[in-house]
Every structure is written in structure tokens, then in C-alpha cells.
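I wrote the entries in the order in which I went.

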Amino acid sequence: MARCRVCGAPAVICYPESRLCLCRDHFLEHFESKVERTLRRYRLVREGGFVLAAVSGGKDSAALLGVLSRLSSRLGFRLAAVHIDLGIGEYSRRSREAAVRLARELGVPLAVIDLRELLGLGVPELAVKARRPPCSVCGLVKRYLTNAAGVEACADAVALGHNADDLAVYALKSFLTQDLEAIPKLGPGTESIPGLAVGRIRPLYLASEKESFLYAYLSGLPFNHEECPHASRRLLEFILKEHLASLESRRPGLRTQFLAKLAKRLNDYPKPEGEPRPCRHCGLLSWGECSFCRLTRRILGEPMGPKAREYVRAKLEEAGAVMCRG
Ligand code: Q46
Ligand code: ZN
Ligand code: ZN
């Protein structure tokens with residue numbers, strides 16, 4: 001049986017690239033210092049700043065909120081959380097329950113944004129009406145509402161729970177499809193555009209999915225173990241993930257080396273042309289009309305951005321997760 005390099009107790013994880021094996025306690029410590037190093041190295045948080053963590057209810061967001069709540073006092077930033085209930089049946093009900101329990105146990109204020117309450121429809125019905133795959137509508141709605149929440153809360157950044165496995169897949173997919181403009185947005189952090197968009201940070205940028213899972217599980221944090229019923233094994237993302245996992249097993253450390261190098265070269269990739277402008281309906285980031293206002297205008301006959309912003313603001317205020325006065 002593998003033993004912890006620090007104390008000799010039975011190991012819960014071994015890193016083949018460094019031959020480091022760690023027990024539960026030393027793994028938890030190791031994971032927290034890894035995330036702290038990421039936050040410092042890429043200057044993702046500042047003392048006195050305010051971070052709003054997007055919490056889906058899954059393992060990655062549990063690890064994210066767990067580790068950020070430990071680091072917030074050490075690094076001196078304030079933390080709150082937002083959960084979007086996507087209205088995907090039992091899966092969303094369990095995810096919401098897990099997110100609420102998680103925030104309560106960690107003592108972090110949480111605002112819950114309920115898509116059905118806001119639009120009268122959940123992701124599955126929106127997708128049917130829009131004649132688009134559920135994940136495409138879901139991604140659009142999540143991006144819009146987390147950005148709206150960050151702007152309304154006057155947060156310095158919204159923290160996302162993407163781990164290294166996910167990010168390596170997104171980056172590789174962008175290379176393969178030559179969607180090069182997507183690459184600069186996949187780094188450890190993006191800048192805020194005042195009034196239009198809040199910066200996004202990825203504290204788990206260099207942490208693997210296995211580490212995230214182990215951290216959440218071994219810390220006893222609640223999370224929904226189920227997969228969304230719309231997750232499909234036929235998607236290119238899923239296929240790439242399997243191939244990258246197989247490469248990683250033959251070349252341990254490849255994924256994080258790739259991401260660390262990519263983070264240094266983000267400025268070499270093209271950015272969208274033209275200046276971002278406020279959406280003519282809701283005022284958030286767009287190039288004329290934002291995709292959320294366009295989608296809801298087509299489906300519901302009204303661009304719902306302005307109502308969404310009001311709704312989000314009210315939920316954040318109710319939760320005590322706003323840093324500024326409106
Ligand atoms: S929640 Fe949404 Fe995922 Fe479900 S509908 Fe697709 S994107 S699979 S992370
Ligand atoms: Zn140990
Ligand atoms: Zn809009």
C-alpha cells in the first residue's frame with residue numbers, strides 16, 4: 001500500500017509525475033496550497049476584494065466553494081455564492097438542494113436564481129422552443145445570468161469551478177474547430193469591463209477533476225453525484241476528454257503543463273473584432289443585442305435581460321450578497 005510522503009499514513013492519492021503520495025490530511029493541505037498558488041500567481045483575487053462563486057451543486061463547485069471559503073480569510077477577500085436552478089427536473093432539484101446545504105455548512109451567503117420563476121420555462125422547454133440542443137441554450141443562460149449576477153453584486157470577479165480536465169478539453173476543441181477567439185477566454189482569469197461584464201476567475205485551473213472530487217468528498221462537502229440527463233457521450237467534448245485521459249495516463253502531468261503554457265500565451269490568440277457595446281435592451285456586454293435578449297425575444301416575444309437583471313439583483317440583496325447600492 002502506498003504511504004504518505006509526509007507522515008507515512010496510508011495514501012489517498014499518488015501523483016505519478018512527481019511520485020508524490022499523500023494521506024487525506026496532507027492531500028487536503030496540498031490542494032488548498034495549490035489553489036492558493038494559482039490565485040497568487042495569476043493575481044485572481046485582491047485583498048479587500050469581493051468574489052462571487054458560481055455554484056452548480058456538483059463536485060467541482062463544492063470543491064471551489066470549500067477551498068475559497070478556507071482561503072478567503074487568509075487572503076482577505078469577501079465571498080458569496082450564486083446558484084442557477086436550470087429547471088431540469090429531478091437533477092436540478094437535487095443540485096439546488098446540494099448547493100443550499102453546501103453554502104449553509106460553509107456559512108457563505110447564497111443567492112438562488114430560479115429560471116422557471118424568471119422565465120416561466122426551464123432549459124428543456126427553452127431548448128425545444130429555440131430548436132437548439134439543451135446544452136447550447138443552457139450554456140448561454142448560465143453565462144448571461146452569472147455575468148448579470150457579478151455585475152449586479154458589484155463583484156470583482158465571478159469564480160467558476162472549471163478544473164484542468166475540462167479546460168484542456170475546451171482549449172483543444174477550440175484548436176480543432178479553429179475557434180481561436182475562444183481561447184483567450186479560457187485562461188485562469190479574464191478582466192472585468194466596467195458596467196458590461198465581470199471578470200471570470202478559475203481557481204481550479206491547475207487542479208484535476210480527480211483532485212476536485214477527492215477534495216469535496218474527503219472534506220465531507222455535500223454535492224449532487226448525478227449527471228445531468230442532457231450530458232451526452234457523443235459530444236466532441238466527451239470524446240476529447242477520454243482521449244486526453246488516456247494521454248495523461250501515458251504522459252502524467254501533460255494536461256497541467258499544457259494549461260500552464262497556454263496561460264502565458266493567451267495574448268497571442270485573436271480577440272473578437274470591434275469594441276464591445278452595451279446590449280440595447282439590458283445594457284450588459286454585447287455587440288448590439290446580447291444573446292440572452294435575442295433568445296428570449298424570439299421565444300417569449302420580449303427581451304428578458306432587463307427583467308432578469310432586476311430579478312437577480314433582488315435575489316442577491318435578499319441573500320446579502322451585494323457590495324454596492326443600486
Ligand atoms: S447542465 Fe446544462 Fe450541463 Fe445539463 S444541459 Fe448540458 S450544459 S449537461 S454542465
Ligand atoms: Zn500524511
Ligand atoms: Zn441584453
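**Entry: Asp-114**

I started at Asp-114, which lies in strand E5, residues 110-114. Helices and strands here are DSSP runs numbered from the N terminus, helices (H or I) of at least four residues and strands (E) of at least two. The model is a predicted one, in which local features need pLDDT of at least 70 and side-chain atom pairs count only at pLDDT 80 or more, while totals for chains, interfaces and linings use all residues. Residues are numbered from 1 along each chain as its sequence is written, chains are lettered from A and ligands numbered from 1 in the order in which they are written, and side-chain values use heavy atoms, with hydrogens and water left out.

I noted that Asp-114 has a relative accessible area of 15% and is therefore buried. Buried means under 20% relative accessible area, exposed over 50%, and partly exposed in between, with a 1.4 Å probe and protein chains only. I then looked up its polar contacts, meaning pairs of N or O atoms within 3.5 Å; within protein, one must be able to donate a hydrogen and the other to accept it, and residues adjacent in sequence count only if both atoms are side-chain atoms. The side chain of Asp-114 makes such a contact with the side chain of Arg-96 at 2.9 Å. The side chain of Asp-114 also reaches the backbone nitrogen of Arg-116, at 3.0 Å. Not counting residues up to four places away in sequence, Asp-114 touches Asp-85, Arg-96 and Tyr-311, where contact means heavy atoms within 4.5 Å.

**Entry: Ser-92**

Asp-85 turned up again when I checked Ser-92: leaving aside neighbours within four places in sequence, Ser-92 is in contact with Asp-85, Leu-86 and Gly-87. I found Ser-92 in helix H3, residues 89-106. Is Ser-92 buried or exposed? At 4% relative accessibility, Ser-92 counts as buried. A polar atom of its side chain lies 2.7 Å from the backbone nitrogen of Ile-88 and 3.4 Å from the backbone nitrogen of Gly-87.

**Entry: the zinc ion, ligand 2**

Which atoms coordinate the zinc ion (ligand 2)? I listed Cys-4 (SG), Cys-7 (SG), Cys-23 (SG) and His-26 (ND1), at 2.1 to 2.4 Å. Donors are N, O and S atoms within 2.8 Å of the metal (3.2 Å for Na, K and Ca); water is not among the atoms, so sites may look incomplete. The angles among the four donor atoms of ligand 2 are 99 to 114 degrees, and the site is tetrahedral; four donors count as tetrahedral if all angles lie between 85 and 135 degrees. Along the chain, the donors of ligand 2 have the spacing C-x2-C-x15-C-x2-H. Cys-7 lies in the segment before strand E1 (13-15) and Cys-23 in the loop between strand E2 (20-22) and helix H1 (24-41), so this pair ties together parts 16 residues apart in sequence. Cys-7 is partly exposed at 43% relative accessible area, whereas Cys-23 is buried at 6%.

**Entry: the zinc ion, ligand 3**

I moved to the zinc ion (ligand 3), which is coordinated by Cys-279 (SG), Cys-282 (SG), Cys-290 (SG) and Cys-293 (SG) at 2.3 to 2.4 Å. This site is tetrahedral, with angles of 102 to 118 degrees among its four donor atoms. The donors of ligand 3 follow the spacing C-x2-C-x7-C-x2-C. Cys-279, in the loop between strand E8 (277-278) and strand E9 (285-286), and Cys-293, in helix H11 (residues 291-300), are 14 residues apart. Both Cys-279 and Cys-293 are buried.

**Entry: two arginines with positive phi**

Last, I looked up backbone angles. Arg-43, in the loop between H1 and strand E3 (50-54), has a phi near 50 degrees, a positive value in a residue other than glycine. Arg-43 is exposed, at 73% relative accessibility. Arg-131 has a positive phi of about 55 degrees and lies in the loop between helix H5 (123-130) and helix H6 (134-152). At 78% relative accessibility, Arg-131 is exposed.

How values were computed
Tetrahedral: all angles 85-135°; square planar, octahedral: opposite > 155°, others 65-115°.
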